[in-house]
Amino acid sequence: MLSRWRRSVGELLAAQEAVKECRKGWSSLTQVTACFQQLALCLGGSSDCGPLREELEEARRKTHQLSSGLQIRLTNLLTNGKLNTRDREDMERLWVLFLSSMELFQQDLNKAFHLLIIFPLNSSKDTQALVSTGLGAYRTDGGNRTATIQLPWGTTEGEELPDICIHIVKLDSMIQQMMQTVNIPIWAVEATQEVSDQAIEADGTTSEEILAIEEESSRCRRWYCCDRRCRLGQLSCMTS
C-alpha cells in the first residue's frame with residue numbers, strides 16, 4: 001500500500017515537472033520561431049549576407065530541437081501523464097497552439113527554402129542580384145539573438161538537423177502524427193482570453209471582406225505558380 005502511494009506521488013511530481021518544462025519550451029519556441037520569421041524576411045534583400053544566414057540556420061536548429069522535445073513531452077503527458085484538471089486543460093491548449101505554430105513555421109520554412117534557391121550567396125556577383133529593400137546592412141554588434149534563447153532540456157535530444165527540404169517534409173509528418181496520436185478537437189479547447197470589442201472595431205474588417213481577400217490571394221497564388229521560370233512570380237507567390 002505504501003509503495004503504491006509512493007509510486008503515485010512520484011508519477012504526480014514527474015508530471016508536474018514535465019508540465020513546467022513544456023511551458024518553458026513553448027516560451028522559447030515562440031521566441032525562436034519569431035526570430036526565424038524576421039530573418040527569413042531579409043533573404044534576398046539588401047541586408048542579406050552570410051552572418052544573417054548563419055543565424056537563420058541556428059534558429060532553424062533550435063526550432064527543431066525545441067519542437068522535437070515538446071512533441072515528446074506533450075504526447076507523454078496527454079496520453080500517460082497523471083495530470084490534474086487545470087494542468088490537463090493547459091496542456092491541451094498548449095497542444096493546439098503548438099500544432100498551429102508548427103504549421104506557420106512550415107510555411108515560413110518553405111518560403112525561406114525558395115528564397116535561398118533564388119538568391120544564392122556563393123560569390124560576390126550574387127550580391128548584385130539582391131533586391132534593394134531600403135533596409136540597412138545586417139548588424140552583428142547586438143550579438144546573435146537566437147543564441148540567447150535557452151532550451152529547458154539538453155541540446156542532445158532529438159536527431160540531427162535535417163536538410164531544409166527534408167525538414168519541411170518531416171514537419172508535415174510530425175503534424176499528422178500528433179493529430180493521430182492525441183485526439184483533442186480544436187473546437188473543444190477554450191481560449192484563456194476573449195477578443196475585446198475594441199480590437200474588433202479597431203480592425204474594421206468584416207468577415208465578408210476577409211473571405212474576399214482570401215479568395216483573391218488564392219487566385220493570385222494559382223496564377224503565379226503556373227510559371228515557375230518567372231522570378232518575380234515566385235516572389236509574389238511566396239509573399240502572398
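The chain holds 7 helices and 0 strands, where helices (H or I, at least four residues) and strands (E, at least two) are DSSP runs numbered from the N terminus. Read from the N terminus on, the elements follow the order α-α-α-α-α-α-α. The structure is a predicted model, in which local features need pLDDT of at least 70 and side-chain atom pairs count only at pLDDT 80 or more, while totals for chains, interfaces and linings use all residues. Residues are numbered from 1 along each chain as its sequence is written, and side-chain values use heavy atoms, with hydrogens and water left out.

The mean pLDDT (the predictor's confidence in each residue, from 0 to 100) is 76 for the chain, with 63% of its residues at 70 or more. Over residues 220-232 pLDDT stays under 50, and for this stretch the model has 11 contacts (heavy atoms within 4.5 Å) beyond four places in sequence. Of the contacts in the chain with a separation of 6 or more, 83% join residues 24 or more positions apart. Buried residues (under 20% relative accessible area, with a 1.4 Å probe and protein chains only) make up 35% of the 240 residues.

Turning to the helix pairs, α2 (residues 50-80) and α3 have axes that come within 11 Å and cross at roughly 150°; axes are lines fitted to C-alpha atoms, for helices over the stretch in contact, and angles run from 0 to 180 degrees between N-to-C directions. This angle makes α2 roughly antiparallel to α3, a label for angles over 145 degrees. The two helices cross in a left-handed manner, meaning that the near helix is turned anticlockwise from the far one by less than a right angle. Residues of α2 including Leu 70, Leu 74 and Leu 77 meet residues of α3, among them Trp 95, Phe 98 and Phe 105. This contact divides into 12 nonpolar, 4 polar and 4 charged residues, with Ala, Val, Leu, Ile, Met, Phe, Trp, Tyr, Cys and Pro counted as nonpolar, Asp, Glu, Lys and Arg as charged, and the others, Gly among them, as polar.

Helix α3 (residues 85-118) also packs with α4 (residues 164-181), at an angle of about 160° and with the axes 9 Å apart. Here, too, α3 is roughly antiparallel to α4, and the crossing is left-handed. The α3 side includes Trp 95, Phe 98, Leu 109 and Phe 113, and these belong to a set meeting α4 residues such as Ile 168, Leu 171 and Met 178. By class, this contact has 16 nonpolar, 3 polar and 2 charged residues.

Technical notes
Angles under 35 degrees count as roughly parallel, over 145 as roughly antiparallel, 65 to 115 as roughly perpendicular and the rest as oblique. Buried means under 20% relative accessible area, exposed over 50%, partly exposed in between (1.4 Å probe, protein chains only).
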